[in-house]
Amino acid sequence: MKIRLPWPSRADRRLWRATTFSDLAELTARWLEGDIRSRAGNMPNYGPDDETLPLIGRLAAANRAGFLTDDSQPGHDAADYAGNLWEQRAAVTGFVADPEILTRLVDFAEQAGLDLLVRFQGDEFHPGMVVSRVNGLDYTWYGRTLTIPELRHSWHSGLVGDTAFDTLARAAQLTIADTAFEPSDFLWTVLDEALHLPSTASR
């Protein structure tokens, strides 16, 4: 039986004492790939959800290209075992600290007709966009404006160093989503192109 301790290992805690935003993105990529067991903001010693597995290569590459992803989901449109209809659109949310990378992502998303939210600290509160529905009712939102205390709760000082966190807090909070609540690879293709990544990055 695999035991999951309710705290990160000492090795993971040492790694997450990151000093730069790039460190956080690289560590997130390594967590996605299974090289690190715990990630700031997630239950310790748990990896990505099963639905994320086909996206791991693309998400890891996006992190290494400057888009620190915080959450994501594939498009979906099917009933569960209880007969509830789950609809979700492909979506990704996270942080971008480099203005040039942010401009590219925004430009490509707008040109592709994707839904987009860009928020910064101090902006007026925004509830985010609906990215999943259950039986036609709104269920999950991405892109809600996050406050400093909320960010620190997820990226807490026990793991993430102050310098890296300060850059994270000043970064753009970026959410991009497909418009259709159905399976689609379109969002990920646009993300690949915006970040100059191979479209076959879904390794």
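## A cavity and its ring contacts

In this predicted model, helix H7 gives the largest share of the lining of the largest cavity, namely 4 residues. The structure holds 1 cavity of 30 Å³ or more, and about 40 Å³ of space lies in the largest cavity. Its lining is made up of Leu105, Phe108, Ala109, Leu114, Ile176, Leu187, Val190, Leu191 and Ala194, and the elements that give two or more residues to this lining are helix H4 (99-112) and helix H7 (186-194). Sorted by class, the lining has 9 nonpolar residues, with no polar and no charged ones.

Trp86 and Tyr139 form an edge-to-face pair, with 5.0 Å from centre to centre and 75 degrees between the planes. This pair links distant parts of the chain, since Trp86 is in strand E3 (residues 85-88) and Tyr139 is in strand E7 (residues 137-142), 53 residues apart. Trp86 counts as partly exposed, at 26% relative accessibility, and Tyr139 is partly exposed with a relative accessible area of 49%.

Phe95 and Trp155 also form an edge-to-face pair, with 6.3 Å from centre to centre and 85 degrees between the planes. Phe95 lies in strand E4 (residues 91-96) and Trp155 in the loop between helix H5 (148-154) and helix H6 (162-170), so the pair ties together parts that are 60 residues apart in sequence. Phe95 is buried because its relative accessible area of 2% is under 20%, and Trp155 is buried with a relative accessible area of 1%.

Finally, there are charges over rings: Arg133 lies over the face of Phe181, at 3.8 Å from the ring centre, while Arg152 lies over the face of Phe165, at 4.0 Å from the ring centre.

How values were computed
Residues numbered from 1 in each chain as written. Predicted model: local features only at pLDDT ≥ 70, side-chain atom pairs only at ≥ 80, totals over all residues. Heavy atoms only, no water. 1 Å grid on protein atoms, 1.4 Å probe; cavity = no way out; pocket = protein on both sides within 12 Å on 5 of 7 lines; lining within 4 Å. Points joined across faces, edges and corners; volume = space filled by probe spheres on them. Nonpolar A, V, L, I, M, F, W, Y, C, P; charged D, E, K, R; others polar. Phe/Tyr/Trp six-rings, centres within 6.5 Å; stacked < 30°, edge-to-face > 60°. Buried < 20%, exposed > 50% of the residue type's maximum accessible area, 1.4 Å probe, protein only. Lys NZ or Arg CZ within 6 Å of the ring centre and 35° of its normal.
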